[in-house]
Amino acid sequence: MIFLKKKIFHLLEKLNISLPEGTDKRFQAKLEKLTAQKNGGIGLEDVSAFFDRDKFPANKGAKVGKKIIETWETLRKNIRELCETEAFVLFNCYIDMFEQFFQEFKSAAVKEVGVFLADLNRQAMQLFDSQFVTVPELYFRLSSRFKNYLIDEFQDTSFLQWKNIFPLIEDGLSSAGTLFYVGDKKQAIYRFRGGEVQLFDQVKSELAAFCQEESVLSKNYRSRQEIVRFNNNLFSTDNLTRAINAINEKKSGSAISLNGEDILDIVSF
């Protein structure tokens with residue numbers, strides 16, 4: 001890293017003493033400031049956005065010689081190499097730690113007969129490809145192994161996803177298993193790909209025959225009180241109703257205006 005920083009600094013000096021006419025004035029000022037440090041090295045924190053450009057920063061119509069172009073390309077190549085080296089030095093230890101943790105985690109998951117959705121999909125595909133099982137048999141094999149289910153970010157679950165996994169969950173619950181799903185309706189951002197917040201209440205209805213327990217978090221560990229209070233006011237029933245009515249007044253007669261049922265649906269979240 002020290003070698004690269006010195007190399008980059010010398011390239012900047014070389015570039016600074018041979019700038020062609022028509023060089024971008026802002027870049028020229030930045031370059032003079034960098035080379036005036038005279039410390040024989042440069043850090044990534046000193047590199048400006050100018051070095052993101054493929055072409056040397058010059059005004060339109062300016063003639064940039066071949067040597068300047070070659071120096072510019074070499075300079076950018078060394079900056080990229082420095083970025084990669086610094087990233088490796090700073091973050092590679094965390095990657096190593098994650099790999100060790102993940103291997104231990106996978107071993108523990110196997111012992112506890114646990115599986116993630118991605119692994120579940122892969123196992124299902126392997127069953128179809130290699131053993132030619134039928135769909136009922138596939139569900140039977142999976143349900144005989146898995147009894148407890150956890151679904152996070154439930155507000156982004158689609159009807160199709162729920163339909164696919166419902167037989168497994170229903171069978172698990174019938175065999176003293178559990179279903180735990182958690183989410184926040186206000187954080188639903190994947191409606192464009194099928195996410196349906198209505199599932200929060202629909203699932204309770206579909207599984208009404210089983211013992212249910214609903215819990216709402218009463219304490220926020222992510223934000224300070226002022227932010228929580230602001231969001232509570234923003235999403236309050238009165239504020240939402242007032243905002244929707246104001247939109248309706250502006251869009252009076254428009255096809256996108258909201259009716260009473262729409263308003264009730266929105267504020268009920």
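Buried here means under 20% relative accessible area. Keep that cut-off handy for these exercises on a predicted model.

**Exercise 1.** Decide whether Phe 154 and Phe 200 are buried or exposed, then classify their ring pair.

*Solution.* 
- Start with Phe 154: its relative accessible area is 0%, so this residue is buried.
- Phe 200 comes in at 12%, so it is buried too.
- Now for the rings. A pair of aromatic rings is described by the distance of the centres and the angle of the planes.
- For Phe 154 and Phe 200, the centres lie 5.6 Å apart and the planes stand at 90°, so we call the pair edge-to-face.
- Where do the two residues sit? Phe 154 is in the loop between β1 and α6, while Phe 200 belongs to helix α7 (residues 199-206), so the pair ties together parts 46 residues apart in sequence.

**Exercise 2.** Work out how β1 and β2 are arranged and how the chain gets from one to the other.

*Solution.* 
- Get the overall layout: the protein chain has 10 helices and two strands, in the order α-α-α-α-α-β-α-β-α-α-α-α.
- Look at the pairing: β1 (residues 148-151) and β2 (residues 178-181) run parallel, joined by four bridges.
- As a spot check, Leu 150 sits opposite Phe 180 of β2.
- Then trace the link: the chain passes from β1 through helix α6 (residues 159-174) to β2, a β-α-β crossover that is right-handed.

**Exercise 3.** Sort out the aromatic pairs around Phe 27.

*Solution.* 
- The whole structure holds 13 aromatic pairs.
- Take Phe 27 and Phe 56: with ring centres 5.7 Å apart and planes at 90°, the pair is edge-to-face.
- Phe 27 is in helix α2 and Phe 56 in the loop between α2 and α3, 29 residues apart; both are buried.
- Finally, ring pairs link Phe 27, Phe 50, Phe 51, Phe 56 and Trp 72 into a cluster.

Definitions and conventions. Residues numbered from 1 in each chain as written. Predicted model: local features only at pLDDT ≥ 70, side-chain atom pairs only at ≥ 80, totals over all residues. Heavy atoms only, no water. Pairing = 2+ DSSP bridges. Right-handed = clockwise from strand over helix to strand, strands pointing away. Phe/Tyr/Trp six-rings, centres within 6.5 Å; stacked < 30°, edge-to-face > 60°. Buried < 20%, exposed > 50% of the residue type's maximum accessible area, 1.4 Å probe, protein only.
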